[in-house]
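Please look over the model below before reading on. The points that follow concern its charged pairs and one of its helices.

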Amino acid sequence: MKAQNLVRWIVCCVLFAVPFTTAQAANATAPHQVEPGTTPDSMFYGLERAWERIGLLFTFDAATKAKKGLGYATERLAEMDAMIKEHKTGAAVKALKRNEDAVSVVHDAVAKLQEDDPERELEIQLETGTVLNQQQKQIEEVRQQADRLLKDTTEPEQQAALHTV
């Protein structure tokens, strides 16, 4: 009986601790160190994006929505980088377009926040602006990397597709 109670106690502790450690790990990750997750070349990519959109739909606090959008935008950049390294230009372009969608969510949330709470809006705008500027620099770096990696291995149309976005 004591062994059963001990096992139950351990299981409860593990189940309680896992969500907190996962959340802390996600928060500790710097924007440039984000793992790409499901990439655009996966058949589950659309499903994951739909799940994110549902999560944003049920996020009513504008500041939280802006932060979620930043996280998604950062993940899209990691996906774009991964696809370029695998020489999958079409998938890289898709990830970049999804990044732009996530950035749009951030801008909309900050605009909503400006209407609701101007003081908090300034704080979030500074935070999001810094991250978005970093992302723009990262996009340029990835494009330069793509030029070097794909120069000899892709058709000119594929190279042009990457630069049209």
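1. Glu-79 is buried, at a relative accessible area of 0% (buried means under 20% relative accessible area, exposed over 50%, and partly exposed in between, with a 1.4 Å probe and protein chains only). Its salt-bridge partner is Arg-49, at 3.8 Å from N to O. The two residues link distant parts of the chain, with Glu-79 in helix 3 and Arg-49 in helix 2, 30 residues apart. Arg-49 is also buried, at 4% relative accessibility.

2. Some terms and limits. This is a predicted model, in which local features need pLDDT of at least 70 and side-chain atom pairs count only at pLDDT 80 or more, while totals for chains, interfaces and linings use all residues. Residues are numbered from 1 along each chain as its sequence is written, and side-chain values use heavy atoms, leaving out hydrogens and water. A salt bridge is a side-chain nitrogen of Lys or Arg within 4 Å of a carboxyl oxygen of Asp or Glu. Helices (H or I, at least four residues) are DSSP runs, numbered from the N terminus.

3. How many salt bridges does this rule give? The count comes to ten. In one of them, the closest N and O atoms of Lys-88 and Asp-41 are 2.5 Å apart. Lys-88 sits in the loop between helix 3 (62-85) and helix 4 (89-116), and Asp-41 in the loop between helix 1 (2-28) and helix 2 (45-57), so this pair ties together parts that are 47 residues apart in sequence. Lys-88 is partly exposed at 31% relative accessibility, and Asp-41 is partly exposed at 37%.

4. Arg-98 and Asp-101 form another salt bridge, with closest N and O atoms 2.9 Å apart. Both belong to helix 4, three residues apart, which is a separation of about one helical turn. An α-helix has 3.6 residues a turn, so residues three or four places apart point the same way. Arg-98 is partly exposed at 27% relative accessibility, as is Asp-101 at 41%.

5. Which residues of helix 2 are buried? They are Tyr-45, Arg-49, Glu-52 and Leu-56. Seen down the axis of helix 2, the buried residues fall within an arc of 55 degrees (taken from the directions from the helix axis to the C-beta atoms), so they line one face of the helix. These buried residues pack against helix 3 and helix 4 (contact means heavy atoms within 4.5 Å). On the other side of helix 2, Leu-47, Trp-51 and Leu-57 are exposed.
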